[in-house]
Amino acid sequence: VWILYTKGEKLSNFKGSRSWRLILLFSVFALVVVACGGDTAEEEVAVDETETTEAPATTAAAAEEAAPSGPDGVYKMAIFSDPQTQNYWNYLDTETDVWTQYVMSGQAVSLFSISYPNYQLVTGIADELVETSTNNGDGTWTYSVPITEGYKWSDGSDLTANDMVFTYNTAKDLGLLSNWETSYPQGSGTDSAAEGYAQGILSLVASDAYTVEITLNFDAGLASWQYQIAQAPILPESYWAQYATDRETLLAASGADAPVASAFVYNKVEQGAFYTWAYDANTMWDGGTTTIYKSGTTVEWDNGKAPAINNSFGDTTGDSFSYTAGPYVGTVEFTLYGDQDAAYLAFQNGEVDFVLNPLGVKRNLFDQLSRVPGVETVSNLGNGMRYMAFNTRVFPGSDKSFRQAVACISDKEFVLNNILQGVAVNMDGQMPEALTAWVAPVTGVLADCAGLNAEERFNKSVEILQAGGWTASDWGSHAGGAERAVAPTGIKGPGGETPPSDMLLYAPGAGYDPLRSTMSLFIADWMQQLGLDVTARPTGFNVIVDKVFTPETCEDWYFYMLGWGLSAFPNHPGDFFNSKNDTCEGGYNTPGFNNAEFDALDAEFQAAKTISDAIVLSQKMEAILFEEMPYLVLFNVPTLEVYKDTVEFPFTDVLDGLTGTGAGYSSLVKVQS
Amino acid sequence: MIAVFFVFLVSSYLLFNAIPGNAFSNLLLNPTLPPDAYEQVLATYGLDKPLFERLQLYVVNFFKGDFGYSYKYYPKTPIELIAERLPRTLMLFSIVNIVAFYTGFFIGKVLAWRRGSKSETWITITSVFSYTVFYPWFALMMLWFFGYKMGWFPIGKFLYPEKWYDAPFDSDVIFAMMIKFVLVISLIQFAAYTATRGIESLSSRRNIRFASLIAIFIGSYFYWNTGEALARKPYAADIAYHMILPVLVVTIVAFAGTALLTRTTMMEVLKKTIYSQQEQRELVKKE
């Protein structure tokens, strides 16, 4: 610097000094570029151990020191929303979004579980499927469930009945919210007629290290026992006891180093960028062959480390296929992208093998990707439904013949096939088509109006209204073909009540869901053709949810369209239509449907002990719904997914898709390098 | 001022409150939840309180510096969440600002000096285009072209996960290091410019500034090839590589403002200089 300062004048006078400066600058720049390129030998030195972060204190660490003996390869999946936590307690409390679920390591086990793709109930850590309880004669029933001896968490601690007792007590004592209240419902009292009575668990204790005794204050059926309490999560006391002092402390724990009952442990948690699981070389949770039948499953598991198991569940006859669990990859990577478009662009670019997407790929992108070499496509029906609800508390939704007339005139097939080009599948009942045993035969007005043309539907709907006691000064007419009907005028309800004017049919806007938005326009028009002043009002999703699920506003709407995602056990008709669940009282029965026969059947259904009994009752309940029509069930949207052809799944046909049921099936998937 | 801030605080709270639903509305769509579970969640987070009471709590706690908990990332606080994301944000935006400003300043000077030339026309048109282009569209186009079509730069993320599998630290450590590095070299360069402002000889001034640049390059070379930085260099390089496209995009859309401003300012100064000379000449004539 001194030389340049003192000699600067001379240097700058030197002919060509500008070139000299450029050459020097370029030389130094080149030096730095070469230096920054580095070499791998250098990169591996001088690692500061004190700055190590979040290295999970699991057996994976020990495994790294031993000779590596696990699968190689990386299974890369894209996510497009950042998981909210790695703490399982927090995830089930209020951080329940799907992205958190996908990336959550196998930190919990349960007594019973579900096998896919056939949705068969199987054992988890329970030694057997305990499906009967002991009636204690004092208004309580006790399930005594043996736990298989020999299971261990990844930190080496034994998995015992005390872990379940600890989990239950923690959820109860710390007042954990949301899904914890579903998994471990707290019971109160033993007299169902008494004030303050609440159905649930009265006690959960370990009678010995490998037996749990769960006492309930009601005679639980499939819905409450096999598919709820027996599938409640169980977490290791050995690790979590240190945090279980209060809710905030427990939920604030990282969870990234928590023991798991899985072949994978968290390896790298890079918030806002990516998350990885690594194969735990000391795991006992690998291998095992599962054979899938139409209504049954056999599990054979003898890897020499875990307790040997050979169990059959359900009907294990007929056609079947088998798969052997891995894992077949050493690392599972979840990479975060800014949005769905960026994630699929990265997929096309070969950066990831699979995109986790709860809603599936959009149809146009799916079609586009299906033409890309090396991309496999799969379409599965979703485990859910889109529906239109009538408010049965207010006229005209309170009138059955009106609901039936609307159901009849609404040609859903026409909209789905001709307008929406078959992107969704018509649905009439409450059960997704794939649950074949549960699907009830369509009866009532939907059966009567199936296959009718527009004119016939109009005439039939008018007949239904007339039979229901409706009157009109002129019943209008339909000219046939594609013409709109001439709407009835001066229409009045059975009691001479004039239908309100300017009734709104709320539906999600086209930006959120073009299918429901389109369907709402057609159904509103059909209602207008019946002489009702109904307008479709595409609106914000939260606006609809706020309006129809708030007890204070339960009578402030006429019609709306939304959708439901359903659970493995289809007990939802009771949730949606049992009068005890009326939204005005804080439940999920938004239409305010009130039918004593239905309620009685639902009570029987909730107490049913076998699947066959439950199916019979469910179909009887469906028959009432087909007659009463509190919902007009609209359609089911297939879940479209894409994956690279270097990835091999043991199965791809599964209700709700590969994301919805197994979050990409990391433990089963094979990836070619 | 305080009153305006208070009005802003209250109205922003009320506006957010007016949005339909709340952070836990999604629970209403899970029929497996017991009916009172949603109410319990609202009570736990204080959302069952009357609006006025919540507003009062918000304003009072705001001035106490208590921003409560994040609903989405409970039990983290907003400050913790901001701190978590701050290093990467700071790094990107400091680099973007430095590069965009310097590019704009440089191009503005060129425009002023070459006024009336063809290059001025083209640069001005380009600047106006980049100043008025719809940013999200432009960013997507750049991403599509340089990331997808040409494959030169990553499409997303700020690092390649596979390079970080065995990293014994997380990215924030590297970001903190890079921020310090950028800060130090910026200070050196700033000091060199400031210290040489008083030097009358243009060539000496330029040479010293140039020397400081050389010193920065050489210093950088030694810094990144010794000690702790050596081990972290590949990770820093990975992040730097991922920053190229974002920096380029933001620079293109942000430099124009500075460039046009610099050009206008310089033109005014140059005109002023000419007038002064004319005035001097007139004065000489009069004398």
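Student: Which residue of chain A forms a salt bridge with Glu162(B)?

Tutor: A salt bridge puts a side-chain nitrogen of Lys or Arg within 4 Å of a carboxyl oxygen of Asp or Glu. Here the closest N and O atoms are 3.5 Å apart. The partner of Glu162(B) is Lys76(A).

Student: What pLDDT must side-chain atom pairs have in this predicted model?

Tutor: Residues are numbered from 1 along each chain as its sequence is written, chains are lettered from A and ligands numbered from 1 in the order written, and side-chain values use heavy atoms, without hydrogens and water. Totals for chains, interfaces and linings use all residues, local features need pLDDT of at least 70, and side-chain atom pairs count only at pLDDT 80 or more.

Student: How much area do chain B and chain A bury between them?

Tutor: Start with contacts (heavy atoms within 4.5 Å): 67 residues of chain B touch 76 residues of chain A. Buried area is the accessible area (1.4 Å probe) lost on putting two parts together, summed over both. Carbon and sulfur atoms carry 61% of it. The total is about 6500 Å².

Student: Which three residues supply more of chain B's buried area than any other three?

Tutor: Together they give 10% of the area that chain B buries against chain A. They are Leu29(B), Pro31(B) and Tyr165(B).

Student: How many residue pairs are in polar contact across the interface?

Tutor: The salt bridges between the chains number 3. A polar contact is a pair of N or O atoms within 3.5 Å; within protein, one must be able to donate a hydrogen and the other to accept it, and sequence neighbours count only if both atoms are side-chain atoms. With both residues at pLDDT 80 or more, the count of pairs is 18.

Student: Which helix gives the largest share of the side of chain B that touches chain A?

Tutor: Helices (DSSP runs of H or I, at least four residues) and strands (E, at least two) are numbered from the N terminus. Helices that each supply at least two residues include helix 4 (78–113) and helix 10 (227–286) of chain B. The largest share is 12 residues, from helix 9 of chain B.

Student: Which non-glycine residue of chain A has a positive phi of about 55 degrees?

Tutor: Most residues other than glycine have a negative phi. This one lies in the loop between helix 21 (611–628) and strand 20 (631–636) of chain A. The residue is Met629(A).

Student: What is the strand order of the open sheet of 4 strands in chain A?

Tutor: Two strands pair if DSSP finds at least two bridges between them. Pairing here is antiparallel, and 6 bridges join strand 6 to strand 7 (211–216) of chain A. Strand 4 (134–135) and strand 6 (201–208) of chain A are the edges. The order is 4-5-7-6.
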